[in-house]
Amino acid sequence: MPYMVSICGHKSSGKTTLCKRLIEILGGNLGLDVGYIKHCHDSVISPENTDSGTIATSGIKAVLWGTDGIRAEVLKQDFALRDIERSFFPQQDIVLVEGGKSLSLPKIWVGGKSPSADVKGIFAVFNGPENLFPKLPHFQPQEEEKLAEWILQRMGRKREHVVLYVGGQKIGLNDFIMNFIAGTVRGMMSSLKGIEGKNRDIVLVIKEQKG
């Protein structure tokens with residue numbers, strides 16, 4: 001399961017700018033596999049009067065594939081973080097969630113304006129005055145690398161190099177089991193033609209056998 005942290009604050013506080021910089025540092029300098037979610041209160045599914053909107057609103061998972069990339073659309077109003085993590089970020093080390101003040105995540109508060117009382121889980125402040133949560137760590141612009149290193153310390157764990165889901169539920173694995181599964185699967189694959197010497201990510205899906 002990736003480490004998830006919310007980058008939240010009021011409008012125009014600099015959340016996106018901080019996310020972009022942290023992605024550069026965490027994914028580049030520190031070599032982590034980083035994911036990003038923008039949590040908003042706008043409609044994001046294509047309108048029903050479009051071809052893609054007609055498909056998406058039918059209730060199936062839809063992907064728009066264009067010349068510049070892809071965009072996934074899933075019509076569902078009761079998404080949980082676990083659903084998003086399992087579907088889109090099963091292999092990431094860390095996922096930055098821009099926004100999400102109401103989510104049960106550790107939060108970095110951005111800007112000098114105080115949050116409302118119902119915002120819980122703030123564990124650091126970026127670009128805010130010292131009297132705003134004075135007992136918490138404070139970071140200022142130009143200290144994004146220092147903040148990234150602090151986040152890395154907060155993660156406090158090794159990267160999961162094997163991820164196992166059974167029936168949609170993630171199964172926790174210790175180092176021995178991860179190494180055992182990885183070694184077994186890679187050992188079997190080493191005899192297959194066409195993939196010799198390809199030390200890449202492997203996705204193995206075993207379908208339920210009925211009857």
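Helices, as the word is used here, are DSSP runs of type H or I with at least four residues, and they are numbered from the N terminus. In that numbering, helix 4 is followed by glycine 156, whose phi is positive, near 55 degrees.

## Model and confidence

The model is a predicted one, and the chain averages a pLDDT of 85, with 95% of the residues scoring at least 70. Among the elements of the chain, the highest mean pLDDT, 97, belongs to strand 8 (residues 138-139), whereas the lowest, 74, belongs to strand 10 (residues 169-171).

## Nonpolar cores

The largest nonpolar core holds 22 residues, of which Leu18, Leu22, Ile94, Ile108, Leu147 and Ile151 touch the most other members. Two or more residues of this core come from each of strand 1 (3-9), helix 1 (15-29), strand 5 (94-98), strand 6 (107-110), strand 7 (122-126) and helix 4 (144-155). Apart from this core lies another, of 7 residues, among them Ile37, Ile84, Val95 and Val97. As a general background, nonpolar side chains in soluble globular proteins tend to be buried together.

Isoleucine 151 illustrates the packing: when neighbours within four places in sequence are left aside, isoleucine 151 is in contact with Tyr3, Leu22, Ile94 and Ile108.

## Helix 4

Helix 4 has 12 residues and reaches 16 Å from its first C-alpha to its last, which is close to the 16 Å expected at 1.5 Å a residue. Its buried residues are Glu144, Leu147, Ala148, Trp150, Ile151 and Met155. Because these residues cover an arc of only 160 degrees around the axis, they lie on the same side of helix 4. An α-helix has 3.6 residues a turn, so residues three or four places apart point the same way.

The buried residues of helix 4 are covered by elements that include strand 1, helix 1, strand 5, strand 6, strand 7 and strand 8. On the face of helix 4 turned away from this buried side, the exposed residues Lys146 and Gln153 are found.

## Two buried glutamates

Glutamate 73 is found in strand 4 (residues 69-73), and with a relative accessible area of 1% it counts as buried, because the cut-off for that class is under 20%. Not counting residues up to four places away in sequence, glutamate 73 touches Val44, Ile45, Ser46, Ser52, Ala56, Ile60, Lys61, Ala62 and Leu64. The side chain of glutamate 73 makes polar contacts with the side chain of serine 46 at 2.7 Å and with the side chain of arginine 71 at 2.8 Å. Glycine 53 and glutamate 73 are 20 residues apart in sequence, and their C-alpha atoms are 8.8 Å apart in space.

Glutamate 85 has its place in helix 3 (residues 81-88) and is likewise buried, with a relative accessible area of 3%. Leaving aside neighbours within four places in sequence, glutamate 85 is in contact with Met1, Pro2, Met4, Pro90, Tyr165 and Lys170.

## A buried serine in a loop

Serine 13 lies in the loop between strand 1 and helix 1, and at 18% relative accessibility this serine counts as buried. Its side chain reaches the backbone oxygen of histidine 10 at 2.7 Å. Beyond the neighbours within four places in sequence, serine 13 is in contact with Val110 and Gly111.

Conventions: Residues are numbered from 1 along each chain as its sequence is written. This is a predicted model: local features need pLDDT of at least 70, side-chain atom pairs count only at pLDDT 80 or more; totals for chains, interfaces and linings use all residues. Side-chain values use heavy atoms; hydrogens and water are left out. pLDDT is the predictor's confidence in each residue, from 0 to 100. Buried means under 20% relative accessible area, exposed over 50%, partly exposed in between (1.4 Å probe, protein chains only). Contact means heavy atoms within 4.5 Å. A polar contact is a pair of N or O atoms within 3.5 Å; within protein, one must be able to donate a hydrogen and the other to accept it, and residues adjacent in sequence count only if both atoms are side-chain atoms. A nonpolar core is a set of buried Ala, Val, Leu, Ile, Met, Phe, Trp, Tyr and Cys residues joined through side-chain atoms within 4.5 Å. The expected span of a helix is 1.5 Å times one less than its number of residues. The arc is that of the directions from the helix axis to the C-beta atoms.
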